[in-house]
Amino acid sequence: MAGRNDSGASGKKSSDITNDLQIFNTENLQSNMKVIYYSRTFLSIIGGVIAGILGFTGLTGFIFYFLIMAITSVGLMAKAKFSVQSYFDSWNRILLDGFLGGLMSFVLFWTFAYDIVHIF
Amino acid sequence: MAEDLVLDTAIRDWVLIPLSVVMVLIGILRYFVSKLMRSSQIPDPKIVKEGQVIVRARNLRAGANFIPSKSFRARRVYFSNEENGLLHVPKGQAQNAQAQMFSDPNMAMDMMKKNLSMIIPQTLTFAWVNFFFSGFVAAKIPFPLTQRFRSMLQNGIDLSTVDVSYVSSRSWYFLNLFGLRGLFSLILGEENATDDTQRMMQMGGFGFDPSKSLGAEKDSLDIVQHEWALPKFEQRAETVLKNLVS
Amino acid sequence: MVTKTEETELNRLENQVDNGGGGAWEYLCLVKKLKVRRSDKVLKHGLSILNDPKRRSALGPEVWTLYEQVATAAMDCHCLDVAQDCIKVLQKKFPESKRVGRLEGILLEAKGSWAEAEKAYSSLLEDNPLDPVLHKRRVAIAKAQGNFPGAIEWLNKYLEIFMADHDAWRELAEIYVSLQMYKQAAFCYEELILSQPTVPLYHLAYADVLYTLGGLDNLQTAKKYYASTIDLTGGKNTKALFGICLCSSATAQLTKGRNKEDKESLDLQYLAGAALEKNYKQRAPDKLSVLSSALKSLKIS
């Protein structure tokens with residue numbers, strides 16, 4: 001996660017005085033979202049492999065996924081220096097974007113690693 | 001789980017791993033093939049212009065608050081008046097565009113190429129999986145599922161007593177098909193990421209219909225409330241300067 | 001858009017290549033990818049590769065794009081013989097290519113034979129009426145000949161199709177300003193602000209045009225845009241600070257005798273003056289007296 005992409009640092013300022021007026025540079029916003037998407041996919045694949053190797057089954061695995069996603073969110077927030085409003089237009093972006101997309105990859109790699117290590 | 005099945009390690013070595021590896025390789029191959037097949041046809045001036053009009057109208061909508069309201073209104077009229085506005089599509093022409101699209105062989109050819117590059121490898125892989133690996137229980141998902149998932153996960157096996165969490169090879173293929181998308185987007189760049197889903201959507205509507213998007217853009221431009229943002233900037237500039245001076 | 005990492009990478013490579021550390025090809029590739037204008041460097045290092053048969057053959061088919069790149073750079077540096085040689089090589093290899101035809105047109109242009117270049121572009125446009133580069137070249141020809149109305153006409157024709165091309169809008173705005181057609185220029189700058197609302201330079205240029213146009217409304221609007229420039233640059237733009245001062249004093253003169261409704265905007269004016277004074281104190285203390293007398297004449301300090 002660390003230093004995945006520093007283009008996230010080029011996000012646009014937000015308002016300090018007026019809350020209703022916000023300026024975002026669309027290009028930078030998109031690049032930030034791309035960074036989120038990448039880190040989520042990457043971590044869900046890695047997390048899937050880890051969960052499989054550790055032999056999590058059932059609910060434990062899904063809890064592990066939630067945990068990973070929560071850690072990702074915290075990491076992304078730390079990368080945005082906890083001022084999410086400066087880089088994204090809403091909190092949901094950092095918390096939820098790419099959540100379901102990553103789930104499919106997670107399940108696949110979880111199953112794959114689990115089968116290879118534990119089933120056979 | 002008392003009735004745990006014992007799976008042969010040969011299944012792992014000769015079914016599970018090869019299947020996944022082949023899926024990844026085919027995905028990569030498909031990416032490069034579609035890159036090669038992408039033809040550089042000469043675009044139709046009308047389509048290019050419509051695309052540009054849409055971009056400009058979208059800019060207008062996004063940046064509306066940054067220009068004085070007089071300028072904004074002038075532009076809005078320019079875009080969306082009923083006589084000769086850029087976004088206005090005459091009624092008769094809308095249907096025409098569709099018909100024209102079908103009659104244009106180049107367009108159909110291009111669409112075919114795009115779709116073929118998706119369908120052919122998928123059918124081939126599916127046939128290959130079916131032929132070689134049909135009837136294997138290839139994997140076991142590490143979480144329990146209800147009976148309803150049986151048809152999804154045990155496609156190709158007719159055993160109602162086997163636990164649902166066992167996955168047949170054919171279903172493992174489908175799992176790979178959906179789950180590897182994330183991996184592809186990581187290794188091939190993001191342009192591949194949404195390709196499949198986008199193409200699926202395109203197939204439904206048979207391509208992009210410019211007149212429809214022009215109309216949609218016009219509608220959303222019509223309802224934009226113009227609120228000039230610049231007066232607020234004076235206050236913001238004041239605070240900026242106050243911080244600077246003090 | 002060149003991001004920060006790419007820029008540092010470019011500069012690092014440039015240093016390395018300049019000091020004979022190798023990596024010239026990587027440098028040239030990066031220059032091409034980022035579309036930056038370093039023609040002298042490209043010419044120097046590109047030629048050194050092209051003149052070395054071993055390195056040239058190592059590139060394989062990539063060598064032709066290198067020829068193109070070097071030819072363009074050579075024309076930018078006015079080394080017309082080098083460009084001619086490169087284009088000749090390319091022409092031998094791709095006799096029918098439109099891309100080479102375009103290069104030839106540019107070479108004709110660089111030599112100053114406008115009519116021939118124009119003819120070359122027109123014939124190329126017949127085959128491919130939607131090539132934006134060719135349209136832009138025609139504008140460049142008109143501009144190079146000093147034919148500004150012609151350039152405006154071509155640009156308008158181009159913008160009719162490619163109306164989302166902000167570089168063309170910017171060019172048009174600059175031509176209008178140079179011809180003192182400020183109303184039209186204002187329109188172009190509005191268009192630029194719409195397409196990139198966060199670029200302070202457009203706000204500044206728009207404000208300049210409005211200020212030049214004059215009139216109470218325009219002056220007040222200009223002041224707002226100077227304010228937005230200050231906000232977007234964090235108060236670092238001296239021109240915008242001066243603009244605020246000038247606008248305020250001009251509006252004050254126009255509204256003299258009438259009721260002062262915008263009392264609060266005086267704050268901004270004094271703040272701008274103070275920021276300017278602070279700036280001058282730091283950077284050019286000897287010019288401070290000039291500044292304060294200028295501000296005094298505007299009745300600000």
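Tutor: Before anything else, pLDDT is the predictor's confidence in each residue, on a scale from 0 to 100. The model before you is predicted, and in chain C the mean pLDDT is 86, with 95% of the residues of that chain reaching 70 or more. For the complex, the predictor gives an ipTM of 0.75 and a pTM of 0.69.

Turning to chain B itself, we find ten helices and two strands, and, read along the sequence, they follow the pattern α-α-α-α-α-β-α-β-α-α-α-α. Chain B has 246 residues, of which 28% are buried. If one takes the contacts in chain B between residues at least 6 apart in sequence, 71% of them join residues at least 24 apart.

The contact of chain B with chain A takes 26 residues from chain B and 27 residues from chain A. On the side of chain B that touches chain A, at least two residues each are supplied by helix H1 (9-37), strand S1 (137-140), helix H7 (169-188) and helix H10 (230-245) of chain B. Of the elements on this side, H7(B) gives the most, with nine residues. Sorted by class, the side of chain B that touches chain A holds 13 nonpolar, eight polar and five charged residues.

Chain B also meets chain C, where 28 residues of chain B are in contact with 29 residues of chain C. Seen from chain C, the elements giving two or more residues to the side that touches chain B are helix H12 (182-195), helix H14 (216-233) and helix H16 (265-283) of chain C. H16(C) provides the largest share of that side, eight residues. By class, the residues of the side of chain C that touches chain B divide into 17 nonpolar, seven polar and five charged.

One further helix of chain C can be followed from end to end. Helix H1 (residues 4-18) of chain C has 15 residues and reaches 21 Å from its first C-alpha to its last, which is close to the 21 Å expected at 1.5 Å a residue. After H1(C) comes C:Gly20, whose phi is positive, near 75 degrees.

Technical notes
Residues numbered from 1 in each chain as written. Chains lettered and ligands numbered in written order. Predicted model: local features only at pLDDT ≥ 70, side-chain atom pairs only at ≥ 80, totals over all residues. Contact = placed C-beta atoms within 7 Å. Helix = DSSP H or I, 4+ residues; strand = E, 2+ residues; numbered from the N terminus. Nonpolar A, V, L, I, M, F, W, Y, C, P; charged D, E, K, R; others polar. Buried ≥ 20, exposed ≤ 12 C-beta atoms within 10 Å, placed from the backbone. Expected span 1.5 Å × (residues − 1).
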